[in-house]
Amino acid sequence: SEGIVCALKKMSDGFGFGFIRCAEEKADNIYFNLNDLLPETLLKNKPSSPDARSEIATNSAVSFDILTRKHEGKEKRFADRIVLLPKSSVIIEKTLVTGMKGKITLENKKRSTWNVIL
């Protein structure tokens, strides 16, 4: 799977955890531990960086496997074997409206939105 790191808590000792918003699913955000970052998965343009944990940040693009385990009697999903991807390589689409009909009358070149007459 692929996604975007949407929350991250780094501890001073290098440990920490966070949550990933999965691009392929509309499920809850997926928990991960910084220890699950693969150390050899540094960005290709930064080969001298010693540790993937120093590279990851909120809004980082990542690839990962989803595993499940029992936690407090419930099946919980978590990310494992996390790989950092190049910035902006994962796009998450969000549907704002469905079933709307309209006519585009003018495209505003300065903004990414369109004026629509309903």
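## Overall picture

Of the 118 residues in the protein chain, 24% are buried. Keep in mind as you look around that this is a predicted model. The accessible surface of the chain comes to about 8900 Å², and carbon and sulfur atoms account for 51% of that area.

## Fold and contacts

Taking contacts between residues at least 6 apart in sequence, 44% link residues that are at least 24 apart.

## The nonpolar core

The largest nonpolar core holds 13 residues. I20, F32, I56, V62, F64, A79 and I82 have the most contacts inside this core. Two or more residues each come from strand 2 (16-22), strand 3 (30-33), strand 4 (61-71) and strand 5 (74-84), and strand 5 provides the largest share, with three residues. In soluble globular proteins, nonpolar side chains tend to be buried together.

Leaving aside residues up to four places away in sequence, F32 touches V5, A7, L8, F17, G18, F19, I20, I56, A79 and I82.

## A serine in a loop

S60 sits in the loop between helix 1 (52-55) and strand 4. Its relative accessible area is 13%, which is under 20%, so S60 counts as buried. A polar atom of the S60 side chain lies 2.8 Å from the backbone oxygen of A57. Beyond residues up to four places away in sequence, S60 touches G3, I4, V5, E55 and L84.

Terms used:
Residues numbered from 1 in each chain as written. Predicted model: local features only at pLDDT ≥ 70, side-chain atom pairs only at ≥ 80, totals over all residues. Heavy atoms only, no water. Core = buried A, V, L, I, M, F, W, Y, C linked by side-chain atoms within 4.5 Å. Buried < 20%, exposed > 50% of the residue type's maximum accessible area, 1.4 Å probe, protein only. Helix = DSSP H or I, 4+ residues; strand = E, 2+ residues; numbered from the N terminus. Contact = heavy atoms within 4.5 Å. Areas by Shrake-Rupley, 256 points an atom, 1.4 Å probe, with all protein chains shown as cover. Polar contact = N/O pair within 3.5 Å; in protein donor to acceptor, adjacent residues only side chain to side chain.
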